[in-house]
Amino acid sequence: MPSERPVDLNERRALVHLPNLSPGAPDDGRLGDVDEWGRSERVRQQVRRLYDPVYRKLFRVEWEGLEKLPPGPALLVANHAAAIPSDAPVIMHGIEEELGRPVYGLADHFFRQLPVVGTLWSRAGGVVAHPDNAYRLLREQRQLVLVFPEGTKGTGKPYSQRYRLRRFGRGGFVEIAMRAGVPVVPIAVVGAEESMPTLTTVPPLARLLGLPYFPITANMLLFGPAGLILYLPAKFKLRVLDPVYFDVPPDQPRYPRSRVMEEAESIRQNIQEQLYDMLSRRQSVWFG
Amino acid sequence: MGRRVLVTGLGSFWGGRVALALENDPTVDVIVGLDTVEPSIELERTEFVRADENYSILARIVHAARIDTVLHTFLHVDSTRANQRTVHETNVIGTLNLLAAATAAGSTVRSVIVKSSTLVYGSNPQDPAWFTEDMRRSTPPRTAVERSLVEVEGYLRDFANDYPELSVTVLRFSNVLGPDITTPFGQALELPLVPTIFGYDPHLQFVHENDVVRSILFVLDRDVRGVFNVAGEGVLPWSEVARLCGKRLLPLPPVGTGSATRLLKVIRALDLPGESLELLRYGRGVDTGRLRRLGFQYEFSSVGAIEDYWRSVRLRQTVGEIHRAYRYERDVETFFRHSPAVVRDE
């Protein structure tokens with residue numbers, strides 16, 4: 001006779017891979033499956049089904065060092081590229097498919113302002129990049145969280161600047177990881193830059209439309225308006241680097257700024273060097 | 001000695017509700033209710049005093065009745081109920097007078113409890129999923145109600161710092177639903193089609209009217225001080241709220257939403273306050289851990305509050321208004337309360 005011990009709700013969630021609902025939300029009486037972050041597992045399943053061919057056939061994604069991902073929570077940090085970033089879905093889909101672990105992608109709140117797009121974005125798994133959101137996901141819900149510290153500076157840069165990392169903000173991501181007591185796992189991504197090269201940007205149009213930048217991409221010239229969603233078939237290679245553990249107590253109100261900046265810069269340099277290494281081995285943009 | 005409580009806004013829904021609950025509390029000796037209008041519910045031992053909207057006679061009442069607890073329930077949180085000037089007079093000036101009276105020479109007040117709203121957090125795309133009590137809103141307030149609430153809370157913070165010997169408690173309530181209260185969201189859900197803004201499906205949180213009263217009594221009883229969020233557990237998308245009430249959605253245009261809501265007002269379908277328009281885009285969730293950790297237990301979650309509200313609507317649609325309308329009659333009240341002819345069983 002198996003024990004009658006009532007299964008802890010969180011335990012049960014872990015068993016069936018349900019998203020963790022906190023602060024302890026009872027879902028009795030709910031009709032939908034949208035969680036506190038705006039995710040819907042039903043929508044995500046659909047999106048995964050539609051996106052899988054892109055991941056496997058178009059980008060032919062290859063991972064290196066996935067085993068380095070710690071079993072617990074971690075803050076994933078990667079270089080950011082392509083006018084409409086193709087790297088975020090590749091990393092999220094990849095880790096979910098290969099390891100069966102959900103990844104929470106933090107992104108600029110800009111998406112949330114767009115009707116329809118914003119709602120779909122959050123149903124599919126996008127979370128607004130707010131320090132408190134990251135803290136809850138990492139510290140309380142022990143998830144994998146993905147951020148791009150370069151932000152729109154990375155995705156808005158022209159093709160001629162490809163694979164040259166922008167500054168990593170003010171190192172906020174290091175502070176978040178320190179406060180949450182989790183390691184940072186850097187990931188170097190090759191392929192995103194060529195999937196949607198930005199030829200030039202039109203700042204007046206961006207200002208007019210309230211966008212972070214208005215790109216003219218190679219895809220737009222090739223495919224017209226469809227170029228907004230059609231990517232070029234660049235070969236994606238991702239390399240997971242060694243996790244960086246910070247030897248500081250979690251939950252401090254603040255951490256020394258110089259230490260934070262120093263750690264952020266060293267992580268940035270590490271990703272940059274790995275990118276150069278990967279690029280020097282690359283035979284072809286399309287075949288890797 | 002029991003507590004001697006002053007309730008502001010006795011004629012409003014919350015003042016009346018709280019006074020009614022206090023009447024059943026044997027540890028409360030005296031309840032004095034203040035308002036510009038007469039109470040709309042039947043109260044047994046609450047004394048009603050008519051005041052002007054910014055409580056100029058307050059200091060005298062506080063002194064005369066030896067009030068030790070001020071329950072400030074009368075803050076406008078819905079801009080469809082009052083014009084900008086009234087909102088400012090009632091919320092800002094009223095609260096300032098209240099605080100002045102509470103600390104006037106010879107005042108016996110030792111705790112002030114204020115019913116505020118989670119409107120102070122605003123609703124913006126860059127907001128976190130959950131607001132904790134120490135977080136600030138990300139943009140300046142846009143409506144008179146929000147502006148006045150933010151100002152009031154600023155004064156209360158200063159007040160708490162200036163008078164550390166007093167206990168100051170601010171309760172921030174999220175959207176209220178319940179069988180008795182009328183709210184803009186409640187009214188929206190009763191329409192044949194529930195208005196929504198096309199392309200947005202915000203996360204909303206609700207609190208049941210009973211939990212509002214219970215939380216006020218809880219902080220009164222335990223003498224807790226500080227700022228607390230009060231909201232039912234869990235957030236859910238507005239579309240799901242409508243579905244829980246068996247309703248379909250009426251999408252309003254994302255551009256020119258203001259004109260669309262004005263149209264709804266003109267055809268007398270619904271008067272949506274300015275505060276709720278941002279909420280219908282970006283929603284809001286508040287972390288309720290702080291009050292919970294002190295031991296407060298909610299009767300209703302967000303979903304529970306919606307369900308209970310909807311049960312009462314269904315009942316009302318079948319049998320009509322159940323609550324007997326009550327008219328305050330001063331002479332009759334005075335007779336029952338003070339005439340020696342009335343036999344009181346002690």
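A:Asp52 and A:Arg56 form a salt bridge, with 2.9 Å between the closest N and O atoms; the term denotes a side-chain nitrogen of Lys or Arg within 4 Å of a carboxyl oxygen of Asp or Glu. The model is predicted, local features need pLDDT of at least 70, side-chain atom pairs count only at pLDDT 80 or more, and totals for chains, interfaces and linings use all residues. Residues are numbered from 1 along each chain as its sequence is written, chains are lettered from A and ligands numbered from 1 in the order in which they are written, and side-chain values use heavy atoms, without hydrogens and water.

A:Asp52 and A:Arg56 are four residues apart in helix 2 of chain A, about one helical turn; helices (H or I, at least four residues) and strands (E, at least two) are DSSP runs numbered from the N terminus. A:Arg56 is partly exposed, at 42% relative accessible area; buried means under 20%, exposed over 50%, and partly exposed in between (1.4 Å probe, protein chains only). Helix 2 of chain A also holds A:Arg44 and A:Glu41, three residues apart, whose side chains meet in a salt bridge of 3.4 Å, N to O. A:Arg44 is buried, at 5%, whereas A:Glu41 is partly exposed, at 24%. A network of salt bridges links A:Glu41, A:Arg44, A:Arg48 and A:Glu96. In helix 11 of chain B, B:Asp308 and B:Arg311 lie three residues apart and form a salt bridge of 3.3 Å. Over all chains the count is 38 salt bridges.

The contact between the chains (heavy atoms within 4.5 Å) takes 28 residues from chain B and 28 residues from chain A. The buried area, which is the accessible area (1.4 Å probe) lost on putting two parts together, summed over both, is about 2300 Å², with 55% from carbon and sulfur atoms. Three salt bridges are counted between chain B and chain A. A:Arg136 pairs with B:Asp287 in a salt bridge, at 2.7 Å between the closest N and O atoms. Strand 12, helix 7 and helix 11 of chain B each give two or more residues to the side that touches chain A; helix 7 gives the most, with three residues.

The largest nonpolar core has 37 residues, and A:Leu75, A:Val77 and A:Phe173 are among those with the most contacts inside it. Such a core is a set of buried Ala, Val, Leu, Ile, Met, Phe, Trp, Tyr and Cys residues joined through side-chain atoms within 4.5 Å. Another core, apart from it, has 36 residues, including B:Ala65 and B:Val109.
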